[in-house]
Amino acid sequence: MVDLVWFQLLSAVLFVIGLYGVMARRSAVLIIMSIELMLNAVNINLIAAASHMEGIGKFSDFDGQLIAIFIITVAAAEVGLALAIILRMFRNKSTVNVDEINLMKW
Amino acid sequence: MMEWAWLIPVFSFAAAPAVVIFGRFLPGKGSWISIFAIAGGFLLFWLVLGSWMDAEAVGKCFTSENTHMLTCDYERSWFNAGVVGAVGSVSLNWGILIDPLTIAMLGLVTFVALMVQVYSLAYMKGDPRFGWYFAIHSLFAASMLTLVLADNFLLLYVAWELVGICSYLLIGFWHEKRSAREAAKKAFIVTRIGDVGLLIGILMIWRDVGSFSMLDAFEAARTGAMSEGVVTASAILLFLGAMGKSAQVPFHVWLPDAMEGPTPVSALIHAATMVVAGVYLVARTFPLFEAYDADPLMVVSIVGLVTALGAATVALVATDLKRILAYSTISHLGLMMLSLGAFGYTAAIFHMMAHGFSKALLFLGAGSVLHSTEFQETGEMGGLRKVMPLTAIVFSIGALSLGGIPVLAGFWSKDEILIAVNDHRNVTFIVLTLFTALLSALYMARAMFLVFFGQLKDQNSHVHDAPAAMAFPMVLLGILAFGFGLISFNWPGSYGGIGTFVFFEHSEKFHFEIWLGAVSIVLAIGAFVFAHRIYVDKSISLEGVRARYSRILKVIENKYYFDEVYQWVIDRVVFVFSRFIAFFDRAIVNDIIVNGPADVTRKLGIALRVHVTGNVYSYTLAMAAGSVGLGLFVWLRVV
């Protein structure tokens, strides 16, 4: 069985790549994709930990999977909402470049 | 029937909004709703009087320990403040109190209001706010009737203020005229000053008695539960309110100006009913005035005498017909107060009614003259009896009655006052009262002769007599002003004169002091004959007297400079002080206390808003940095 630390390393790398994407990308669609990447990194971390560990205290040994499924559900809803917002944004401003969408500032 | 007496004001209370809302769709602008309402009240008054006559002192009716009159009190719960029965909570009742005083007032108010409303049908014809006029009249009648029926001070105060606002609205009825607006405000503000005293007096009684009920207050004063100081102070404070409403010196200045209103309004409100509310209040709370040493009554009688005398002198030199009548009203209100102050309870109420009928009649007569000639100055009139005989006759009846000519109503009531003053006050009072009576006859004779006798002026040759709707009320009031004195006598049977109907502590049979009656008859008739020689025959000239006493005359013609002094006080004291208060309000309260915190918040917002850049990556960076910082914090805590 592959050691837990490799999974955690993979998760961390994916998460940082996602974070970089959110901070560096200009396109709103790519930012959404990066956020998805970060969420999946977290999922990998949770599932790996769940399969490698017995339950501790009030946590049972499949709580990790459970939370991961929740995250996937929420992420699906979030993507739907985010894409709808981006669509409206594009309709109004003919661009998805977040640098140009800065109405909400002083 | 007595427990249904509350319906009397309710009719008119209902009529007022009905006239306002539906009046415009109805024939006559809904004025007949108002008239039917008050006519219903007048009918109920007779039923109430009848059932009071038959009533026994059982159940809700009892013989009052204070007045010794058969009194009926019907009350029910009004509202509770707090938990019923708990310490510190207040339960208030409201209800109606029926005794001869109330019944007398009910009769006076409903009858005069009915007469004046019928009269107004013709007088106010064609006025753009015809319906509104009747609506306020209804509201006024309702408030005044509530005032006389109220069995507790709180309800009385509410009604008291309501009649005040109706008076304000009716004085300022022709608010296109600046003078009418000013007069309305003046009346309202001056009476308000007295009302503050009334309110404080009521609260003082409440603090000591724990109830707003008048009967409880009288009981406390009688048994000594209220100390002498509190009783005296509260009586004086109540009298302050009465002085405002009844136009006693120094609060009398509003009443002459109130003549800016339509003349029927002057007849109803500023002669017969509202202004006697003060007299009514003193009579109603007489047990408080009379308790212990009856010191407040001395104040009442002095104020009354000063008012009666001062106003009578001004009435003698005034030239505006309505103002003569207004000062005459003030003078007679002073006489009523004087009478109450001299323990002349019956006399005051009797004079209130006799004066109410006579003065309403005089005002309606004056209204008929003004309506037809469109002049108010007596100098523009003269000889009008040739063109308006009916008005001349009824006006003369009113003038003779108030002047104290025998067998007319005013003679008998004034005689009762003279007897009361003679019995209970010293010789100065009776001499001055007789002098006032003489002046009263003189100015009444002067008004009557100047307007209706002498040469008819050409400008008045087109003048016509009053139309039927105006003549009918005048004739009815004329009959009363003529014959109302009949109720004061001992008639065969159980009735022993007005002194056995409305009285305080001792019922009195009719009696007549021969020498006082003789003096007052001589004075009254002498005054009328004298005035006839001056103004009609012109066989006596006053020029010499005028020249010799020109200084005193100037003071009187300027109404003793009351208005000037008040104006000075307002300009130099009140306005200066209020300017200071206004400065304090703007500089301290507004600029520092209110705008200060708002300013600080705004400036802080400007300083802090720079972090909102609108760039997504800067927010993300902040979030990431925050997460890392949070992680570090937790990690360091754990290690």
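Q: In which loop of chain B is the place of B:Glu260?
A: This is a predicted model, in which local features need pLDDT of at least 70 and side-chain atom pairs count only at pLDDT 80 or more, while totals for chains, interfaces and linings use all residues. Residues are numbered from 1 along each chain as its sequence is written, and chains are lettered from A and ligands numbered from 1 in the order in which they are written. Helices (DSSP runs of H or I, at least four residues) and strands (runs of E, at least two) are numbered from the N terminus. B:Glu260 sits in the loop between helix 9 and helix 10 (263-272) of chain B.

Q: Does B:Glu260 count as buried or exposed?
A: A residue is buried if 20 or more other C-beta atoms, placed from the backbone, lie within 10 Å of its own, exposed if 12 or fewer do, and partly exposed in between. B:Glu260 has 25 C-beta neighbours inside 10 Å, so this residue counts as buried.

Q: Which residues is B:Glu260 in contact with, leaving aside its neighbours within four places in sequence?
A: Two residues are in contact if their C-beta atoms, placed from the backbone, lie within 7 Å. B:Ala180 is 80 residues from B:Glu260 in sequence, but the two are 5.2 Å apart in space, C-alpha to C-alpha. Once its neighbours within four places are set aside, B:Glu260 touches B:Ile171, B:Lys177, B:Ser179, B:Ala180 and B:Ala183.

Q: Does B:Pro492 count as buried or exposed?
A: B:Pro492 belongs to the loop between helix 19 and helix 20 of chain B. Its C-alpha atom is separated by 49 Å from that of B:Val20, 472 residues away along the chain. B:Pro492 has 5 C-beta neighbours inside 10 Å and therefore counts as exposed.

Q: What is the phi of B:Tyr292?
A: Most residues other than glycine have a negative phi. B:Tyr292 is in the loop between helix 12 (286-290) and helix 13 (295-317) of chain B, and is partly exposed, with 17 other C-beta atoms within 10 Å. Although B:Tyr292 is not a glycine, its phi is positive, at about 55 degrees.

Q: Which value is the phi of B:Glu505 near?
A: B:Glu505 is in the loop between helix 19 (468-483) and helix 20 (514-537) of chain B. With 15 C-beta neighbours inside 10 Å, B:Glu505 is partly exposed. B:Glu505 is another residue that is not glycine, and its phi is positive, near 75 degrees.

Q: Is the peptide bond from B:Val249 to B:Pro250 cis or trans?
A: Most peptide bonds are trans. B:Pro250 is in the loop between helix 8 and helix 9 (254-257) of chain B. The bond that joins B:Val249 to B:Pro250 has omega near 5 degrees and is cis.

Q: Are helix 8 and helix 11 of chain B roughly parallel or roughly antiparallel to each other?
A: Axes are lines fitted to C-alpha atoms, for helices over the stretch in contact, with angles from 0 to 180 degrees between N-to-C directions. Angles under 35 degrees count as roughly parallel, over 145 as roughly antiparallel, 65 to 115 as roughly perpendicular and the rest as oblique. Helix 8 (residues 228-245) and helix 11 (residues 277-284) of chain B pack at about 155 degrees, with axes 7 Å apart. Helix 8 and helix 11 of chain B are therefore roughly antiparallel.

Q: Are helix 14 and helix 15 of chain B roughly parallel or roughly antiparallel?
A: The axes of helix 14 (residues 321-341) and helix 15 (residues 345-373) of chain B cross at roughly 175 degrees and come within 9 Å. The angle makes helix 14 and helix 15 of chain B roughly antiparallel.

Q: Which residues touch the most other members of the largest nonpolar core?
A: A nonpolar core is a set of buried Ala, Val, Leu, Ile, Met, Phe, Trp, Tyr and Cys residues joined through C-beta atoms within 7 Å. The largest core has 214 residues, and those that touch the most other members are B:Val279, B:Val282 and B:Ala360.
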